[in-house]
Amino acid sequence: MAGKGERIFGLIGFPLTHSFSKIYFNQKFEAEHIDARYLNFELPDIGDLMEVVAQYPALSGLNVTIPYKEQVLPYLDEIDEDAAKIGAVNVIKIIRKKNSLKFKGYNSDMIGFSDSLKPLITPARNKALILGTGGAAKAVRQGLINLGIEPIYVSRTPKEGELGYEDLDPTVMDAHKIIINTTPLGMYPKIDTCPDIPYGLLTPEHLCYDLIYNPDVTLFMKRASEHGAEVKNGLEMLLLQAFISWNIWNE
Ligand code: NAP
């Protein structure tokens with residue numbers, strides 16, 4: 001039974017197969033005696049969002065995952081500046097006043113990424129290659145810009161201002177000391193794949209950051225560390241996002 005002051009939080013997406021957030025938050029609520037519950041809302045259509053909001057008057061915040069990070073934008077009353085630049089939202093704060101309801105959207109992918117990258121920045125690491133051009137890549141790009149690091153996308157089908165994998169020659173690899181994998185290559189269960197970059201051109205000055213956190217050490221990270229590069233997986237980014245969501249919902 002719901003307690004009188006119980007708050008509800010949740011995740012919207014489709015399909016929702018595995019959910020780190022649900023386990024993380026419900027364990028947190030129990031351990032810290034917080035009167036709240038975290039639910040998964042598997043919505044076949046983003047239009048179903050308003051039904052969920054009507055059904056759960058105690059709903060105070062949402063996380064948003066694939067495929068709704070962009071589709072949810074028209075439902076928001078306000079959007080954080082960085083999330084607007086990225087064009088995607090993955091945290092919603094629901095502000096309920098007597099007769100009104102307000103939704104504000106944020107992008108915690110960006111904040112989680114840049115907070116986890118900050119301690120690893122060196123003077124030489126002032127330019128970055130972003131492998132992939134999907135939703136996570138856009139958040140990474142904005143995070144890099146906010147940290148004063150110049151990003152460029154690497155794509156299988158490069159558009160103007162982007163690089164192709166065949167462009168990654170010694171000059172490009174030397175100029176870009178941060179390389180971030182935002183492609184799904186190497187993610188469980190296809191752990192024997194990795195982005196097609198010239199690993200032999202990596203040095204200890206390079207940082208190879210993989211957004212993937214399962215497995216702990218991806219093939220991208222393994223091959224990069226064989227050439228002395230510093231490596232990092234996406235676990236800290238994932239954990240930071242949960243902290244960030246909680247702070248947004250409570251601030
Ligand atoms: P996405 O929208 O599917 O984008 C991935 C991009 O990777 C695509 O736009 C594509 O760019 C490239 N790509 C896709 N398949 C590829 C292939 N077979 N070979 C080479 N490139 C390929 O995915 P996303 O939502 O951005 O997420 C990307 C990854 O980041 C996922 O593994 C996700 O789990 C991870 N992620 C982690 C966190 C975290 O907290 N650690 C947060 C968000 C996402 P081009 O077509 O331009 O090549």
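User: Which element gives the largest share of the lining of the largest pocket?

Analyst: Bear in mind that this is a predicted model: local features need pLDDT of at least 70, side-chain atom pairs need 80 or more, and totals for chains, interfaces and linings use all residues. Numbering starts from 1 along each chain as its sequence is written, and side-chain values use heavy atoms, without hydrogens or water. Helices (DSSP H or I runs, at least four residues) and strands (E runs, at least two) are numbered from the N terminus. The largest share of the lining is five residues, and it comes from helix 8.

User: How much space lies in that largest pocket?

Analyst: A pocket is an open set of points on a 1 Å grid where a 1.4 Å probe fits, with protein on both sides within 12 Å along at least five of seven lines; lining residues have an atom within 4 Å of a point. Volume is the space filled by probe spheres set on the points, which are joined across faces, edges and corners. For the largest pocket that comes to about 1500 Å³.

User: Which residues are closest to the pocket's centre?

Analyst: There are 50 residues lining the largest pocket. Elements giving two or more residues to that lining include helix 1 (20-31), strand 3 (59-64) and helix 8 (235-250). Closest to the centre are Thr-65, Ile-66, Lys-69, Ala-136 and Tyr-213.

User: How many residues of the lining are charged?

Analyst: Charged here means Asp, Glu, Lys and Arg; Ala, Val, Leu, Ile, Met, Phe, Trp, Tyr, Cys and Pro are nonpolar, and the others, Gly among them, polar. The pocket lining has 25 nonpolar and 21 polar residues, and its charged ones number four.

User: Is helix 1 roughly parallel or oblique to helix 8?

Analyst: Their axes (lines fitted to C-alpha atoms over the stretch in contact) are 11 Å apart, at an angle of about 60 degrees on a 0 to 180 scale between N-to-C directions. Under 35 degrees is roughly parallel, over 145 roughly antiparallel, 65 to 115 roughly perpendicular and the rest oblique. So helix 1 is, relative to helix 8, oblique.

User: How many nonpolar residues are in the contact of helix 1 with helix 8?

Analyst: Contact means heavy atoms within 4.5 Å. Helix 1 brings Phe-20, Tyr-24, Phe-25, Lys-28 and Phe-29, while helix 8's side includes Leu-238, Phe-243, Trp-246 and Trp-249. Set aside one polar and one charged residue, and the nonpolar count is ten.

User: How far apart are the axes of helix 4 and helix 8?

Analyst: Helix 4 meets helix 8 through residues including Ile-111, Gly-112 and Phe-113, with Met-237, Leu-240 and Ile-244 among those facing them. The two pack at an angle of about 125 degrees, which makes helix 4 oblique to helix 8. Their axes are apart by 8 Å.

User: At roughly what angle do helix 4 and helix 5 cross?

Analyst: Among the residues that meet are Met-110 and Phe-113 in helix 4, and Val-140 and Leu-144 in helix 5. The axes come within 8 Å, and they cross at roughly 50 degrees.

User: What is omega for the bond from Asn-214 to Pro-215?

Analyst: Pro-215 is in the loop between strand 11 (207-210) and helix 7 (219-225). The bond is cis, with omega near 5 degrees.
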